[in-house]
Amino acid sequence: MGKTYNWAILGCGKIARKFVNDLKLLPNAKLYAAASRSLENAQIFASELGFEKAYGSYEEMVNDAEVDVVYIATPHSHHLEHALLCLNSHKAVLCEKALALNLKEVILMVEAARKNKTFLMEAFWTMFQPSFLKAIEICRSGELGALKMVRSDFAFNAEYNPAKRLYNVALGGGSLLDIGIYPIFMSLAALGKPSEIKTMASICPTGAEESIIMAFRYPGGEMASLVSSFAAHSSIQTEFSFENGFIRLNRRFHTPTTITYWKHPEEEITLSFEKGSGFGYELEAAHVMECLDAGKTESDRMPLSMSLDLMEIMDQVRKDAGIVFPDHD
Ligand SMILES: NC(=O)c1ccc[n+]([C@@H]2O[C@H](COP(=O)([O-])OP(=O)(O)OC[C@H]3O[C@@H](n4cnc5c(N)ncnc54)[C@H](OP(=O)(O)O)[C@@H]3O)[C@@H](O)[C@H]2O)c1
């Protein structure tokens with residue numbers, strides 16, 4: 001085993017709690033520091049989850065020389081500011097998705113990582129799930145013929161509340177960057193970047209987009225049909241359609257799941273994957289430490305080029321749908 005890494009959490013909110021519960025499963029990860037805008041919140045988080053230190057500002061935390069790697073779990077609108085704070089202090093960064101609000105911001109983050117020769121990775125946990133990796137392996141193997149179509153949906157009823165992050169445009173609210181990013185990720189992983197994008201969005205009273213339907217066409221004529229919404233529940237599945245069959249990542253395709261496989265004219269089969277003891281976030285955290293052990297400043301599994309491509313597509317989607325983040329675009 002490599003060295004033990006001192007992890008710090010920047011932003012003690014909802015996803016940070018879930019992530020930390022998985023981080024605890026990794027013997028080479030030490031729960032070192034919790035940093036919040038409020039010392040009281042940091043202290044509660046640190047004592048409940050077992051961190052050694054609590055900081056009442058993010059700046060104080062990055063000034064702690066013992067911190068090796070920071071998990072950024074603030075709203076996407078603040079990822080650029082917080083990633084620059086960490087990278088300029090030479091702290092390795094695992095930053096929640098969406099990596100920022102637009103391509104311009106992602107480019108600034110990538111440049112800061114490269115200038116400081118410091119590790120940066122988007123916390124795109126689906127990339128590390130065995131079910132997703134198997135589906136992509138089948139896509140690329142050619143065993144079902146050519147991939148022609150991707151259909152993917154991610155929707156749940158998030159109960160409209162203007163005070164919530166999800167509906168706050170200033171915090172990057174709207175379904176696209178929060179959950180629409182997953183269907184886009186599936187299409188990008190399987191088919192690459194589209195040559196044409198058409199969208200329709202519905203906007204709620206705060207000005208945030210609530211539901212979005214996206215149609216992508218690819219240079220070879222392949223198509224993708226992608227949906228995200230906070231207005232209603234969907235089956236949260238992804239289906240890859242080939243000349244000779246299909247594979248479907250079943251409900252909650254972005255987390256550990258089963259895959260249904262059908263090859264014409266055989267019977268459908270369902271592949272199950274052993275679920276680890278965590279929720280699935282431990283896989284990305286373990287990967288970060290493998291990269292650091294190997295002296296890497298970038299992951300080759302979830303490379304920065306993938307984050308740049310994802311954001312370039314989301315910028316194009318927003319342009320077509322007329323969605324603007326006023327203080328950022
Ligand atoms: N990978 C996944 O499965 C997954 C799931 C959910 C969310 N996420 C991502 O994680 C990020 C955070 O989501 P979340 O649901 O955990 O958000 P959240 O509960 O609203 O927490 C965000 C935290 O960010 C900090 N923060 C800093 N500046 C803030 C500001 N101006 N307004 C509000 N909070 C601010 C706060 O922590 P302090 O007060 O402690 O400083 C807050 O608790 C988002 O980018 C989201 O896309 C990922």
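How many bridges pair strand S1 (residues 5-10) with strand S2 (residues 29-35), and in which sense, parallel or antiparallel? S1 and S2 pair in the parallel sense over six bridges; two strands count as paired if DSSP finds at least two bridges between them. Tyr5 stands opposite Ala29 in S2.

The model is predicted, so local features need pLDDT of at least 70 and side-chain atom pairs count only at pLDDT 80 or more, while totals for chains, interfaces and linings use all residues. Residues are numbered from 1 along each chain as its sequence is written, and side-chain values use heavy atoms, with hydrogens and water left out.

**Overall form**

The protein has nine helices and 14 strands; these are DSSP runs numbered from the N terminus, with H or I and at least four residues for helices, and E and at least two residues for strands. The radius of gyration is 20 Å, close to the 20 Å that the globule rule gives for 329 residues, so the protein is as compact as a globular protein of that length. This radius is taken over C-alpha atoms, and the globule rule is 2.2 Å times the number of residues to the power 0.38. Along the principal axes, the C-alpha atoms fill a box of roughly 60 × 50 × 35 Å.

**The parallel sheet**

Six strands form an open sheet with parallel pairing, in the order S3-S2-S1-S4-S5-S6. Strand S3 (53-55) and strand S6 (120-123) stand at the edges with a single partner strand each, so one side of each is left without a neighbour in the sheet. From one strand to the next, the twist averages 25°. Helix H8 packs on the sheet and touches S1, S2, S4, S5 and S6, where contact means heavy atoms within 4.5 Å. The direction of H8 makes about 130° with that of S1; axes are lines fitted to C-alpha atoms, for helices over the stretch in contact, and angles run from 0 to 180 degrees between N-to-C directions.

**Other strand pairs**

| Pair | Bridges and sense | Opposite residues |
|---|---|---|
| S7 and S10 | seven, parallel | Phe154 and Ser228 |
| S9 and S10 | seven, antiparallel | Ala215 and Ser225 |
| S13 and S14 | three, antiparallel | Thr260 and Thr270 |

S9 and S10 form a hairpin with five residues between them, and Gly221 in the turn has a positive phi of about 90°. S13 and S14 also form a hairpin with five residues between them.

**Pockets**

About 1,200 Å³ of space lies in the largest pocket. A pocket is an open set of points on a 1 Å grid over the protein atoms alone, where a 1.4 Å probe fits and protein lies on both sides within 12 Å along at least five of seven lines; lining residues have an atom within 4 Å of a point. Grid points are joined across faces, edges and corners, and the volume is the space filled by probe spheres set on them. Of the 38 lining residues, Lys14, Ile15, Arg165, Leu166 and Asp178 are the closest to the centre. Helices H1, H4 and H7 and strand S7 each supply at least two residues of this lining. By class, the lining has 16 nonpolar, 12 polar and 10 charged residues; Ala, Val, Leu, Ile, Met, Phe, Trp, Tyr, Cys and Pro count as nonpolar, Asp, Glu, Lys and Arg as charged, and the others, Gly among them, as polar.

The second largest pocket holds about 160 Å³ of space, and helices H6 and H8 each supply at least two residues of its lining.
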